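Here is a friendly walk through one protein chain. Have the sequence and the 3D view ready, and follow along as we go.

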Amino acid sequence: MRTKQWTFVGALAAAVALTAPMSPATAAPTASCTSDSIFLSGAKAYYEECTDDYMRTRVKGWVEDTDADGKCAYLSVYMDNGYTNQWKACPKGTRTPVDTGYQNAFHAEVRLGMW
C-alpha cells in the first residue's frame, strides 16, 4: 500500500510541475521582426528580418521566378558577422523558401537578382 501512495504523490507532483507557468529564465526568447518585399522584372521576394532577445538575427521568407526568360531569381543574404547565403528559384513559377536560422549578427542585407 505504501508504494501506491508514493506513486500517486509522485504522479501528482509531476502533473503540477507540468501545468505550472514557465519562469522567465526558461521562457522561449521573443523576436522583433520587420518585413519587406522586393520586386524586379522577372523576380519577387518576401522576407522577415527578426532579432531575438539574444540579439541574434534571422531572415525567413521566399524568392520566386516570375518570368519565362531562361534566367533564375536569386535572393542573397549578407550579415554583419560574415554569414552569407543564396537561394535560387527557377523556372517560372518556382518559389523557394529562404531561412537563415538565427545567426549571431545584428543586421542582414538582403538582395534580389536575376541571372
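Predicted model: local features only at pLDDT ≥ 70, side-chain atom pairs only at ≥ 80, totals over all residues.

## The three-stranded sheet

Let's start with an open sheet of three strands, ordered β5-β4-β7 and paired antiparallel.

Which residue in β7 stands opposite Tyr78? That's Glu109, and we'll meet Glu109 again among the salt bridges.

## The chain as a whole

Follow the sequence and you get the pattern α-β-β-β-β-β-β-β.

How much of the chain is buried? Of the 115 residues, 30% are buried. The chain exposes about 7600 Å², and 57% of that comes from carbon and sulfur atoms. As for contacts with a separation of 6 or more, 54% are between residues 24 or more positions apart.

## Two disulfides

A disulfide is a covalent bond between the sulfur atoms of two cysteines. Searching the whole structure turns up two disulfides. If you number the bonded cysteines in sequence order, they pair up as 1-2, 3-4.

One of them is between Cys33 and Cys50, with sulfur atoms 2.0 Å apart. This pair ties together distant parts of the chain: Cys33 belongs to strand β1 (residues 31-40) and Cys50 to strand β2 (residues 43-52), 17 residues apart. The torsion about their S-S bond is about 110°, so this disulfide is right-handed. Cys33 is partly exposed at 38% relative accessible area, while Cys50 is buried at 8%.

Cys72 and Cys90 form a disulfide too, at 2.1 Å from S to S. Here the link runs between loops: Cys72 lies in the loop between β3 and β4, and Cys90 in the loop between β5 and β6, 18 residues apart. With a torsion of about 60° about the S-S bond, the disulfide of Cys72 and Cys90 is right-handed. Cys72 is buried, with a relative accessible area of 11%, whereas Cys90 is partly exposed at 26%.

## Salt bridges

Side chains of opposite charge can pair when their charged atoms come close. How many salt bridges does the structure hold? There are four.

Among them is the pair of Arg58 and Asp99, whose closest N and O atoms are 2.6 Å apart. Arg58 is in strand β3 (residues 57-65) and Asp99 in strand β6 (residues 95-99), so the pair links parts of the chain 41 residues apart. Both ends are partly exposed: Arg58 has a relative accessible area of 21%, and Asp99 comes in at 34%.

Glu64 and Arg95 form a salt bridge as well, at 2.8 Å from N to O. Glu64 sits in strand β3 and Arg95 in strand β6, 31 residues apart. Is Glu64 buried or exposed? At 12% relative accessibility, Glu64 counts as buried, whereas Arg95 is partly exposed at 46%.

Back to Glu109: its side chain meets that of Arg111 in a salt bridge, with 2.6 Å from N to O. Glu109 is partly exposed at 35% relative accessibility, and Arg111 is partly exposed at 45%.

Key:
Residues numbered from 1 in each chain as written. Heavy atoms only, no water. Pairing = 2+ DSSP bridges. Helix = DSSP H or I, 4+ residues; strand = E, 2+ residues; numbered from the N terminus. Buried < 20%, exposed > 50% of the residue type's maximum accessible area, 1.4 Å probe, protein only. Contact = heavy atoms within 4.5 Å. Areas by Shrake-Rupley, 256 points an atom, 1.4 Å probe, with all protein chains shown as cover. Disulfide = S-S within 2.5 Å.
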